[in-house]
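Q: Could we go through this model together? I would like to begin with the overall picture and then turn to some local details.

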Amino acid sequence: MNIIPIGIWGGYPKANSSTSSFLVEEDGFHLLIDCGSGVLSSLQNYISIEKLDAVIITHYHHDHIADVGPLQFAKLIQNQLASNAKTLAIYADEQDLGYETLTYKNHTNAYPLQSSQRIGPFSIDTTLTNHPVRCLALRLKSKEKSVVFTADTGWQASLIPFCKNADLLVSEANLYQSFEGKISGHMSGRQAGELAAAAQAGQLILTHLPHFGELSDLVLEAKSEYKKDVSLAEVGKVYRI
Ligand SMILES: [Zn+2]
């Protein structure tokens, strides 16, 4: 399984960049996780849009859905040019008004994201996170390897069993340690490290990064709790598990 960061920012993208998003590849199947601001542009550095097989939206905040509309227009244009139209599947939590906007004519179609299901080669489990709106963390498994995406979340102990023994933990780290207890709905680098250590994850990468401070401090915070491999997610790098 290959995991490629498409964007790493929380809230909004820095110049020529995009908000937190990941492309996951296995056996020629291409799954995009979240489609926020700048993602559609960045994605095309790594894959053409017509090769996308499915999309998962973790929740309906702007920095996770802003480019869904442009993605639907891209599919519209591709389908107008192609001899046979292909509908792109978008999986998301159906308990939200935003769910209906994910279906666009016969170009994209919304499917409910269940607590457990199969999408392409992946067995996927989800769990609700600690966030101001309903948000789903994802655990993808294929060929005995697993990766967990925390999506957006504040600390919650129930994430520990959900992340247990994941080969790769992709955790949000939107805060520095000094903000713990002051801002809800997001974790610090230290808390991401605490989660990785408690779950005995094989490797930790940090995403949904803040726009201020020294990002390397997030890694130092995580390393204070977790003694294995920690790094900031690097756009375009292929993480193979
Ligand atoms: Zn959010």
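**Surface, fold and local detail**

A: This is a predicted model. The chain exposes about 10200 Å², and carbon and sulfur atoms supply 50% of that area.

Q: And how much of the chain is buried?

A: Buried residues make up 56% of the 241 residues in the chain.

Q: What about secondary structure: how many helices and strands are there?

A: The chain has 6 helices and 14 strands.

Q: What is the radius of gyration, and what would a compact globule have?

A: The chain has a radius of gyration of 17 Å. A compact globule with 241 residues would have a value near 18 Å, so the two agree. Taken along the principal axes, the C-alpha atoms fill a box of roughly 55 × 35 × 35 Å.

Q: What share of the contacts comes from residues 24 or more positions apart?

A: Such residues account for 56% of the contacts in the chain with a separation of 6 or more.

Q: Turning to charge, how many positive and negative side chains are there?

A: There are 19 positive and 25 negative side chains, and the centres of the two sets lie 5 Å apart.

Q: Which residues does the UniProt domain annotation cover?

A: According to the unreviewed UniProt entry, "domain: Metallo-beta-lactamase" covers residues 18-186. In the model, that span is 17% helix and 31% strand, and its end C-alpha atoms lie 19 Å apart.

Q: Next, helix 5. Is it mostly covered or mostly uncovered?

A: Helix 5, residues 189-199, is mostly covered, with 8 of its 11 residues buried.

Q: Which ones are buried?

A: The buried residues in helix 5 are Gly189, Arg190, Gln191, Ala192, Gly193, Leu195, Ala196 and Ala199.

Q: A change of topic: where is Thr101?

A: Thr101 is in the loop between strand 5 (88-92) and strand 6 (108-112).

Q: Why does Thr101 count as exposed?

A: Thr101 has 51% relative accessibility, and the cut-off for exposed is over 50%.

Q: How far is Thr101 from Val68?

A: Thr101 and Val68 are 33 residues apart in sequence, and their C-alpha atoms are 9.0 Å apart in space.

Notes: Residues are numbered from 1 along each chain as its sequence is written. This is a predicted model: local features need pLDDT of at least 70, side-chain atom pairs count only at pLDDT 80 or more; totals for chains, interfaces and linings use all residues. Side-chain values use heavy atoms; hydrogens and water are left out. Helices (H or I, at least four residues) and strands (E, at least two) are DSSP runs, numbered from the N terminus. The radius of gyration is taken over C-alpha atoms; the globule rule is 2.2 Å times the number of residues to the power 0.38. Buried means under 20% relative accessible area, exposed over 50%, partly exposed in between (1.4 Å probe, protein chains only). Contact means heavy atoms within 4.5 Å. Accessible areas come from the Shrake-Rupley method with a 1.4 Å probe; for residues, only the protein chains shown count as cover. Lys and Arg count as positive and Asp and Glu as negative; His and the chain ends are not counted. The place of a charge is taken as NZ of Lys, CZ of Arg, CG of Asp or CD of Glu. UniProt positions are given in the numbering used here, feature names are shortened, and annotations may be inferred rather than shown by experiment.
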